[in-house]
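User: Hi! I'd like to go through a structure with you, if you have a minute.
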Amino acid sequence: MIDPVLFQVAADPFPNGIARYAIGGLIVGLGCAVFYIGTAIPAGASTFLESTLSYVSEQSRFRQYISSRDWRLVFTLGIVLGAAGYALVFQQGTWTTDVHPWRLALGGLLVGIGTRVGKGCTSGHGICGVGSRSGTSIVAVLTFLVVAIVTAQIVAALGVTP
Amino acid sequence: MADRHPLFMPLVLFGGVLFGFGLAYSHMARPEVVLDFLQFDDFGLAFVMLGAAVVAGLATVVAPRLFDEAPITGDRYERRLKPFDRNVLVGGTIFGVGWGLSGVCPGAGYASLGIGNLPILWALAGMFVGAYLQGYWRSRSPKK
C-alpha cells in the first residue's frame, strides 16, 4: 500500500510558496555581499562561538580569534537586531518554538562541535564557500545536508514531534 | 585595531542586520521550517541557501572589478580557500546530526533569538558548550 502522504508531498513541494524563501535568501546573500565587498572578509556565523569563548577561556585553540572577536560580536549582534526588526515589522510579536528543549540542547551541542571541527557552518560553507565555488565547502555542505536529512527522517520516523 | 577604518564596525553591523533580517524573513530562523525541509515536507528552504549563495558568489566576482582592494580594510580580494581534510567530513557529519536533530544552525540560531524565540537559548548554550569542548580537545592535541 502506498502512503497517501507521498502523493501530497509530490503534489505540493512548496506549501508556503517560494517568495518568502527566495526573497529572504537574497537578503541574506546581500548581507554577505556588502560585508565582503567592503572588507574582503567572507562572513561566517559559527566562528563567533570560538572567538567569543576567547574572552573567557585561555584555551590556545581560541586565541587565534582574538583579533576578530570584537567585530564577530558586532556581526552577531547585527543578526539578532535584523531578525528583531523583522519580528517588529512583519511578525507583530514574538515567536517561539515547540521543538523540545532536549533536541535543541543536544542538537546545539553537536552543531557546536561539528561546525568547528568541520571549519564552517551553513553560512561559512553553505553561502560564502559555495558562492566562491570552494570544493571543500561544496563537499562540506553535501555531507551535512545528507546527514541532516537522514537524521531528521529517523527522528520523525521514531515519532518524535515536534 | 586602532587603525581600523571608522566605517568598519558600522558596515559589519549593517551586514549582520541584513543577514539576520533575511534569515527571519525566510523563516529559516524557525527550527520547524528547517525540519519540514529536511523531512521533505517543504522544499522552499533550498531557495534560501541557493539565493544567498548566488548573491554572495556574485560579490566575489564583482568586488575585484570594482576596487583594487577592499575600501574598508585595504585587503585584497583573495580566495582564502579552506583546505580539505578528514575534519571536513567528520565535522560535517557531526554538524549534520545536530542540525537534523534540532533544526538549528548557528546563524539561524542567533536570528531566532531576535524573533523572540527564548527556548533557542538551549541550542545556543549547547553550541557554546560544543565549541568549548572541541577547543579543549584540540588545544591539547599535538597537531593543531
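User: Which residues form a nonpolar patch on the surface?
Analyst: This is a predicted model, and in it the patch is made up of Leu50(B), Val54(B), Leu58(B), Val61(B), Val62(B), Leu66(B) and Phe67(B). Together they have about 600 Å² of accessible area.
User: Where does Phe67(B) lie?
Analyst: Phe67(B) sits in a loop of chain B, between helix H3 (45-66) and helix H4 (86-102).
User: And why does Phe67(B) count as partly exposed?
Analyst: Because its relative accessible area is 33%, and partly exposed covers the range between under 20% (buried) and over 50% (exposed).
User: Got it. New topic: how much area is buried between chain A and chain B?
Analyst: About 10,000 Å², with carbon and sulfur atoms giving 74% of that. On the chain A side, Tyr21(A), Trp95(A) and Lys119(A) lose the most area to chain B, together 8% of what that side buries. The contact takes 112 residues from chain A and 110 residues from chain B.
User: How many salt bridges are there between the two chains?
Analyst: The count is two. Arg4(B) and Asp70(A) meet through their side chains in a salt bridge, at 2.9 Å from N to O.
User: What about Arg69(A), is it buried or exposed?
Analyst: Arg69(A) is buried, yet it has no salt bridge. The nearest side chain of opposite charge belongs to Asp70(A), 6.9 Å away.
User: Where is the place of Arg69(A), and which residues is it in contact with?
Analyst: Arg69(A) is in helix H5 of chain A, residues 69-91. Leaving aside neighbours within four places in sequence, Arg69(A) is in contact with Ser51(A), Ser54(A) and Tyr55(A).

Methods
Residues are numbered from 1 along each chain as its sequence is written. Chains are lettered from A and ligands numbered from 1 in the order in which they are written. This is a predicted model: local features need pLDDT of at least 70, side-chain atom pairs count only at pLDDT 80 or more; totals for chains, interfaces and linings use all residues. Side-chain values use heavy atoms; hydrogens and water are left out. Patches are made of residues with over 30% relative accessible area and no salt bridge: like charges are joined within 9 Å, nonpolar side chains (Val, Leu, Ile, Met, Phe, Trp, Tyr) within 5 Å. Accessible areas come from the Shrake-Rupley method with a 1.4 Å probe; for residues, only the protein chains shown count as cover. A salt bridge is a side-chain nitrogen of Lys or Arg within 4 Å of a carboxyl oxygen of Asp or Glu. Helices (H or I, at least four residues) and strands (E, at least two) are DSSP runs, numbered from the N terminus. Buried means under 20% relative accessible area, exposed over 50%, partly exposed in between (1.4 Å probe, protein chains only). Lys and Arg count as positive and Asp and Glu as negative; His and the chain ends are not counted. Contact means heavy atoms within 4.5 Å. Buried area is the accessible area (1.4 Å probe) that two parts lose on being put together, summed over both.
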